[in-house]
Amino acid sequence: MIDPGLNLKDATACNGSKDSSPIFYLVGIPSLQEFLFFPVFFIFLFFYLLILVGNTLILAAVVAEPSLHKPMYFFLINLSALDILFTTSTVPKMLSLLLLGDHTLSFPACFLQMYVFHSFSCSEAFILVVMAYDHYVAICRPLHYPVLMTPHTNAALAASACLTALLLPIPAVVQTSHMAFDSTAHIYNCFCDHLAMVQASCSDPAPQTLMGFCIAMVVSFLPLLLVLLSYARILASVLRISSREGRSKAFSTCSSHLLVVGTYYSSIAIAYVAYRADLPPDFHIMGNVVFSILTPVLNPLIYTLRNKDVKAAITKMACPQSPGHSGP
């Protein structure tokens, strides 16, 4: 356990020089053979480009199409922007590691990546809660919707979600930065995340593991509980709708969001099971990689394939009619 009076220089070195910050060595996927680096690089690059193109298309379509200037789509472009930022915090370094063998990160760079990765992950969870609330108001209190979901309220909800997410990881980042590390600390991951860095330290990991668990409960299970409560109320309200067409319309309104929520929490479950199960480190690492890529790559596909308004806006933007063309 680190002595409370230990200063930062003492805390950041175990067997190395106390006058220099440690270097973090990203191990990557330990059992991945060198001849597979290029194929895996191109797979990750393909998914990253898919994330960038898909989410940028949604952003451009919603901004360009006046009929999509509604609260639901305002929150959708927030989610798309977060997907781009979330993956950009980790995937470029993973690509550099695979293509160039660039395994090292400086002390500030590693902790910055850790902070940004966890902040954007928290932001996604909270934005999904806000989107669930938007659906709840639209279906359960439709007459009050224009009053409750004003542009000012929407901006305040999105800003609150992001601000909370920016603040939550700070204690874990600060406390982890005061742990003791060797002059070259080996991170068994493709990027710097909290658990991998705690495990790389030569300090007692128990307090930081407990803190990470508590923060994970706040940013994972509390948002999930709020989403489930919203949909419980939505379901109760939908079941009271007498017409089959009305019920179908209400369910279709929520289907894309439900799929995104399911994808997000499935990726968390994969990462958690990979960590808790008695599996080789490769499975733990791939669980984290799945979490960092799965939701951002599926979100644009879900919203473009299942939401006819978004699909129509993207089609209109990609294939604009010529000025002299008139429809049938």
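1. Let's start with Cys110: with a relative accessibility of 0%, this residue counts as buried, because buried here means under 20% relative accessible area. Please keep in mind that the model is a predicted one.

2. What does Cys110 pair with? A disulfide links Cys110 to Cys192, with an S to S distance of 1.8 Å. The cut-off for calling a disulfide is a pair of cysteine sulfur atoms within 2.5 Å, and by this rule the count comes to one disulfide.

3. Where do the two partners sit? Cys110 belongs to helix H5 (residues 107–140), while Cys192 is in the loop between strand S3 (184–187) and helix H9 (194–200), so the bond ties together parts that are 82 residues apart in sequence. Cys192 is buried as well, at 0% relative accessibility.

4. A word on the geometry of this bond, for anyone turning the model on screen. The torsion about the S-S bond of Cys110 and Cys192 is about -100°, so the disulfide is left-handed.

5. Now to Cys122, which has a relative accessible area of 5% and is therefore buried. Cys122 takes part in no disulfide; its nearest cysteine sulfur belongs to Cys162 and is 11 Å away.

6. Cys140 is another cysteine to look at, and it is in no disulfide either: the nearest cysteine sulfur, from Cys254, is 8.6 Å away. Is Cys140 buried, partly exposed or exposed? Its relative accessibility is 23%, so Cys140 counts as partly exposed.

Note on methods:
Residues are numbered from 1 along each chain as its sequence is written. This is a predicted model: local features need pLDDT of at least 70, side-chain atom pairs count only at pLDDT 80 or more; totals for chains, interfaces and linings use all residues. Side-chain values use heavy atoms; hydrogens and water are left out. Helices (H or I, at least four residues) and strands (E, at least two) are DSSP runs, numbered from the N terminus. Buried means under 20% relative accessible area, exposed over 50%, partly exposed in between (1.4 Å probe, protein chains only).
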